[in-house]
Amino acid sequence: MSVGSTGTEAQESFVRAIEERIRAEGMTPHTVNRNTFTAGAPLDAVAELMKTCTGAVVIALERTYFAAGIEKRGGAQEHPLSETKLPTPWNQIEAAMAYSKGLPLMVIVEKGLKEEGLLDRGYNWYVQSVVPTPASLISSEFNGVFSSWRTKVNQYAPVQLSKSGGHTDDVADWTVGQLLTNLKPSQLWSMLAALFALIAAAFTLGTKLHGH
């Protein structure tokens, strides 16, 4: 989950409401420096965390505000800006990383933010512009988008499991390759010894039967 450190109680309440909704659906939200910590570089931490994720949620909230400004100052396309709100740049970075990995992406943008880059509309995901309050999470729009994203996460999970060579907790679901990979050397040798003994016994029995 990509979200900057909250600056107000209202922002914190909104983020917690989204986290609770995600948990209610049987998923666990992870955010670097919020509930997942590392002693390494933040960018490396995000990259490592995404290897274990099956979906991404970007929550873009106001970080920077200026009442007036100028875009493309000094050029032919110069124009004034007013009441401009910008999110943390980490939203853009983490959205790009999630997209490059093919993670199902859900983008939630605070109403009034300057929508640009991957937080703008028109890409392969739906950008929701909402008032950042828990009440926004019960709208038909949010529920519909969340349900669609959740379906994509469910579809992505087994594909990601296959690509990563991972396995489920149920040994009965493992392939032969996964079983061999997860055996300790001593266990592997014991299994091979038992297999050779079984083959030898079968060969001996076959010889005796042939003799009769």
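Modeller: Val-57 stands opposite Met-106, a residue of strand β4. Strands here are DSSP runs of E with at least two residues, helices are runs of H or I with at least four, and both are numbered from the N terminus. β4 covers residues 105–110, and β1 covers 56–60. The two strands run parallel and are joined by five bridges; two strands count as paired if DSSP finds at least two bridges between them.

The model is predicted, so local features need pLDDT of at least 70 and side-chain atom pairs count only at pLDDT 80 or more, while totals for chains, interfaces and linings use all residues. Residues are numbered from 1 along each chain as its sequence is written, and side-chain values use heavy atoms, with hydrogens and water left out.

β4 also pairs with β5, residues 127–130, again in parallel, through four bridges. In this pairing Ile-108 stands opposite Gln-128 of β5.

As for cover, six of the six residues of β4 are buried, where buried means under 20% relative accessible area, exposed over 50% and partly exposed in between, with a 1.4 Å probe and protein chains only. In a regular strand the side chains alternate between the two faces of the sheet. Both faces of β4 are covered: Leu-105, Val-107 and Val-109 lie on one side, and Met-106, Ile-108 and Glu-110 on the other.

Pro-87 is buried, at 14% relative accessible area. Residues up to four places away aside, Pro-87 touches Ala-60, Leu-61, Arg-63, Leu-113 and Leu-119. Its C-alpha atom is 8.3 Å from that of Lys-114, which is 27 residues away along the chain.

On a 1 Å grid over the protein atoms alone, a cavity is a set of points where a 1.4 Å probe fits but cannot get out; a pocket is an open set with protein on both sides within 12 Å along at least five of seven lines, and lining residues have an atom within 4 Å of a point. Grid points are joined across faces, edges and corners, and a volume is the space filled by probe spheres set on the points.

The largest pocket has a volume of about 380 Å³. Its lining has 19 residues, with Met-27, Thr-28, Cys-53, Thr-54 and Gly-55 closest to its centre. β1 and α4 (140–164) each give at least two residues to this lining, and the five from α4 are the largest share. By class, the lining of the largest pocket has eleven nonpolar, seven polar and one charged residues. Ala, Val, Leu, Ile, Met, Phe, Trp, Tyr, Cys and Pro count as nonpolar, Asp, Glu, Lys and Arg as charged, and the others, Gly among them, as polar.

The structure holds one cavity of 30 Å³ or more. Of its 15 lining residues, Met-1, Ser-2, His-30, Leu-49 and Met-50 are the closest to the centre. β1 and α2 each supply at least two residues of this lining, which divides into ten nonpolar, four polar and one charged.

In α2, residues 42–50, the buried positions are Ala-45, Val-46, Leu-49 and Met-50. These four are on the same side of α2 because they cover an arc of only 130° around the axis, taken from the directions from the helix axis to the C-beta atoms. The buried residues of α2 pack against α3, residues 90–100.

For context, the chain has six helices and five strands, and 32% of its 212 residues count as buried.

Key. Contact means heavy atoms within 4.5 Å.
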